[in-house]
Structures are given as structure tokens and as C-alpha cells.
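Biologist: Could you walk me through the helices in this one? I'd like to see the cut-offs behind the labels.

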Amino acid sequence: VRVLLALVLILGLAGAAEPKASLPDIEDEVMCVECKTALNVSTSPVANQERDFIREKIAAGLDKKQIKAALVDAYGPAVLAEPEAKGFDLSAWLVPGALVALAAAGVALMARRWRRSGAAAAEPAGPDLDPDDARRLDAELATFDR
Amino acid sequence: LAGITLQGVRPRLYWPITLAAAALVGLLAYGLTAVGTDTSLDESLAKGKRVEAPVAELPRLGGSGMSSLADEKGKVVVLNVWASWCPPCKSEMPLLQRTHEKIAPQGGVVLGIDTQEPPEKALAFLSEKHITFPSLRDRDREYGRKYGVSAYPETFLIDRDGRVAALRRGPVTQQWLDQHLTPLLKEQA
């Protein structure tokens with residue numbers, strides 16, 4: 001029981017600890033505010049300043065979430081690569097979802113129409129042949145088998 | 001697929017699809033215009049027309065509270081948009097500081113608009129360069145966009161009536177200041 005309790009305690013502490021922030025982990029989620037490219041591929045003076053700012057915050061012991069909040073405070077919300085899920089930026093999240101839903105509805109609609117037209121085509125074209133005509137047809141077809 | 005047209009779509013679906021498409025086009029148009037550069041100031045000045053300078057309450061850099069261009073009413077203002085990470089801004093700072101000292105007794109002021117950087121970086125830069133003219137903080141460049149700012153540095157001369165009289169998209173020179181600022185200082189409100 002004691003061993004189990006110790007294990008639960010260790011696992012609990014490990015789960016509660018915030019992972020240490022690193023520059024590469026943050027760089028790909030942040031934009032260079034002037035060049036409008038991801039920070040990890042930007043080399044402009046403002047990008048260098050942003051990297052210095054992140055390094056200083058890491059050295060000060062801030063976690064990733066706190067550093068991103070500090071970046072927004074310093075450079076504005078445009079510094080985040082992912083738009084915020086509020087205000088006009090919310091449309092960046094809603095519009096792709098709405099388009100996918102619209103496309104799925106369109107495909108479902110078309111599929112239903114195709115299925116209906118397919119079923120209509122599979123129906124018999126007319127009434128069965130009468131026995132005399134059927135015999136004549138068999139006789140004609142038999143000539144081709146010779 | 002080639003045979004499928006909107007004619008086959010039920011009438012009750014036609015309008016929602018049309019409205020959704022129109023909304024999407026509107027959204028794209030807004031996105032394109034929102035990030036575009038406003039050149040209306042340049043066009044007005046090219047016609048010799050002075051236009052009302054945009055005004056906004058902004059935080060004072062290195063101070064408390066808010067301030068705006070309106071607080072300098074009656075003065076000739078050299079509104080300079082800068083950032084400490086911008087090499088040409090660094091180069092023109094000594095000239096702007098000298099200009100500020102020169103025009104202050106004549107009812108003029110240099111007002112800096114620091115943009116897109118942490119205040120502590122901006123303040124360290126001002127201290128290093130011994131800059132004493134006041135600056136406001138335009139964190140998102142929202143204020144700069146009203147002047148059509150697209151690069152740094154950019155400078156706007158505001159007359160005593162609060163109108164934009166000249167602009168420079170790029171570093172200022174002594175010659176440009178002599179040509180545009182000197183006559184402006186002689187004007188009365």
C-alpha cells in the first residue's frame with residue numbers, strides 16, 4: 001500500500017509540474033510582427049529582438065503560456081501565429097469549419113441524387129416479351145452460337 | 001459532375017448557399033482591405049491639401065497615463081514613428097533630438113511614436129541615445145496605420161491647427177527639415 005501511495009504521489013507531482021519553456025518550442029507558434037512570417041524562419045532585426053525577449057523570459061523562469069502572454073502584451077495579438085478565438089479573429093476558426101460542413105452537405109446531397117438516378121436506371125425498361133417473341137429471339141441468338 | 005448545376009438545387013437551398021458565398025467574399029474583401037496601406041494622406045499632400053491629423057489616446061512611454069497629439073495643440077509637431085530594432089530609426093535619432101531642442105523655444109515639439117516592441121527595450125534605447133523628447137506607445141501599430149505607416153521610420157509634420165502639412169516615409173534629413181519645418185514654425189495658428 002505504501003509503495004502504491006508513493007507511486008501515486010510521484011505521478012501526481014510529475015503531472016502538476018509545468019514543462020520548462022524552450023525557444024524552439026515557442027518560436028514556431030509566434031510571428032515576426034513586421035515580416036509576417038513564423039519567428040523560427042525570420043532573421044530581421046525585430047525577429048532578433050523578439051527572440052531576445054523570449055530568452056529573457058525563459059531565464060526569468062516563465063512558462064510557455066506566460067511567455068506568450070508577455071509577447072502579446074509587448075507586441076500585440078498579431079504576434080501569435082494562431083489567431084485568438086474571439087472578436088473578428090474567431091472567423092479564422094469558424095469559416096474553415098463552416099466550409100467543411102457546407103462541402104459535406106453538398107456531397108451528401110449529390111450522393112442522394114446520384115443514388116436516386118441510379119435506382120431509376122436499374123428499373124426494367126418495359127413489359128416482358130410475349131412467349132412467341134421470346135422463342136423467336138432465342139432462335140435468332142442461337143444462329144450466332146453456330 | 002459536369003451535368004450538375006444550381007438549377008438542380010432545391011429553391012429552399014439556393015438562397016442560403018448564395019448568402020454564404022456572398023458572406024465569404026465579403027470576409028475576404030475585408031481581410032484584404034484591413035491589411036492594405038492607406039495612401040490617402042500622400043494623395044492629399046500631393047494636391048497641396050492639408051488634412052486633419054489622426055488623433056488617438058496612447059500610453060506615455062516611460063510615464064503614467066495616456067496622452068495624444070491633441071495635447072500639443074497650437075504647437076508645430078514633428079511626429080516620428082520609430083522602433084529601437086529599426087537601424088534607420090537609430091541613425092536619425094540624434095538629428096531629431098537636436099531638432100527638438102531647437103524648435104522647443106519656437107513652439108515646436110518632436111513627439112515620438114514607439115511601435116511594436118516591449119517598453120523596457122524602447123526605454124533602454126532612449127536612455128542610451130540620451131533622447132529627451134516625449135514618446136507614446138503604439139503597441140499594435142493601430143495608430144500608425146491611420147497615417148499609412150508601412151515601414152520605419154516615418155515622420156509627419158503637423159501644423160499649429162492640427163493638420164498634416166508634410167510627410168517623409170523614410171529617415172529625415174536636415175535638408176528636408178529646413179525645407180518643410182522652418183516655414184511651418186513661422187505660421188500662426
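**Helices and how they pack**

Modeller: Helix α6 of chain A, residues 131-145, has 15 residues and reaches 21 Å from first C-alpha to last, close to the 21 Å expected at 1.5 Å a residue. Helices here are DSSP runs of H or I, at least four residues, numbered from the N terminus. The expected span is 1.5 Å times one less than the number of residues. This is a predicted model, where local features need pLDDT of at least 70, side-chain atom pairs count only at pLDDT 80 or more, and totals for chains, interfaces and linings use all residues. Residues are numbered from 1 along each chain as its sequence is written, chains are lettered from A and ligands numbered from 1 in the order written, and side-chain values use heavy atoms, without hydrogens and water.

Biologist: Why are α3(B) and α6(B) called roughly parallel?

Modeller: They pack at about 20°, with axes 13 Å apart. Angles under 35 degrees count as roughly parallel, over 145 as roughly antiparallel, 65 to 115 as roughly perpendicular and the rest as oblique, so α3(B) and α6(B) are roughly parallel.

Biologist: What makes α3(A) oblique to α4(A)?

Modeller: Their angle is about 140°, with axes 10 Å apart. That makes α3(A) oblique to α4(A).

Biologist: Which residues of α3(A) meet α4(A)?

Modeller: Among them are A:F53 and A:I54, while A:L71 is one of those in α4(A); contact means heavy atoms within 4.5 Å.

Note on methods:
Helix = DSSP H or I, 4+ residues; strand = E, 2+ residues; numbered from the N terminus. Axes fitted to C-alpha atoms, helices over the stretch in contact; angles between N-to-C directions.
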